[in-house]
Amino acid sequence: MTTVTKRLTVVAVLLITLGAILLSVGAIGFQASKPADANIGAGFALLAGPYIVGLGLVFALSAGLTHLTTRRR
């Protein structure tokens with residue numbers, strides 16, 4: 001693996017983990033607050049979480065394609 005592939009992989013893992021944490025925190029916060037507008041942070045976490053996970057998946061795909069297209073020495 002080249003350094004570019006390693007960095008892309010690390011960024012992908014971090015983004016996917018952060019997105020999953022945001023989704024879980026948002027779900028817990030949204031469930032705990034019965035009124036819909038009681039917890040704005042939970043709504044933001046539920047809204048931003050899938051986009052962050054998707055961005056992580058894009059980085060993972062980029063790392064995979066970079067790994068497959070680099071020449072072996």
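**Entry 1: helix 2.** I began with helix 2, residues 40-69, which has 30 residues and spans 44 Å from first to last C-alpha, close to the 44 Å expected at 1.5 Å a residue. The expected span is 1.5 Å times one less than the number of residues. Helices here are DSSP runs of H or I with at least four residues, strands are runs of E with at least two, and both are numbered from the N terminus.

I note that the model is predicted: local features need pLDDT of at least 70 and side-chain atom pairs pLDDT 80 or more, while totals for chains, interfaces and linings use all residues. Residues are numbered from 1 along each chain as its sequence is written, and side-chain values use heavy atoms, with hydrogens and water left out.

I then looked up the bend in helix 2 and found a kink of about 30° at Ala 48, shortly before the proline Pro 50. The bend at a residue is the angle between axes fitted to the seven residues ending there and the seven starting there.

**Entry 2: burial.** I list as buried in helix 2 the residues Ala 42, Ala 45, Ala 48, Gly 49, Ile 52, Val 53, Gly 56 and Ala 63. Buried means under 20% relative accessible area, exposed over 50%, and partly exposed in between, with a 1.4 Å probe and protein chains only. In an α-helix there are 3.6 residues a turn, so residues three or four places apart point the same way.

Entry 3: Which residues does Thr 5 contact, beyond its neighbours within four places in sequence? I found Ala 63, Thr 66 and His 67 (contact means heavy atoms within 4.5 Å). Thr 5 lies in helix 1, residues 3-32, and is buried at a relative accessible area of 3%.

Thr 17 is also placed in helix 1, but it is partly exposed, at 40%. I recorded 8.6 Å between the C-alpha atoms of Thr 17 and Gly 56, which are 39 residues apart in sequence.

**Entry 4: surface.** I found a nonpolar surface patch formed by Leu 61, Leu 65 and Leu 68, with about 340 Å² of accessible area together. Leu 65 belongs to helix 2 and counts as partly exposed, at 47% relative accessibility.

**Entry 5: whole chain.** I counted 2 helices and 0 strands. Of the 73 residues, 22% count as buried. Among contacts with a separation of 6 or more, 70% join residues 24 or more positions apart.

Definitions and conventions. Patches are made of residues with over 30% relative accessible area and no salt bridge: like charges are joined within 9 Å, nonpolar side chains (Val, Leu, Ile, Met, Phe, Trp, Tyr) within 5 Å. Accessible areas come from the Shrake-Rupley method with a 1.4 Å probe; for residues, only the protein chains shown count as cover. A salt bridge is a side-chain nitrogen of Lys or Arg within 4 Å of a carboxyl oxygen of Asp or Glu.
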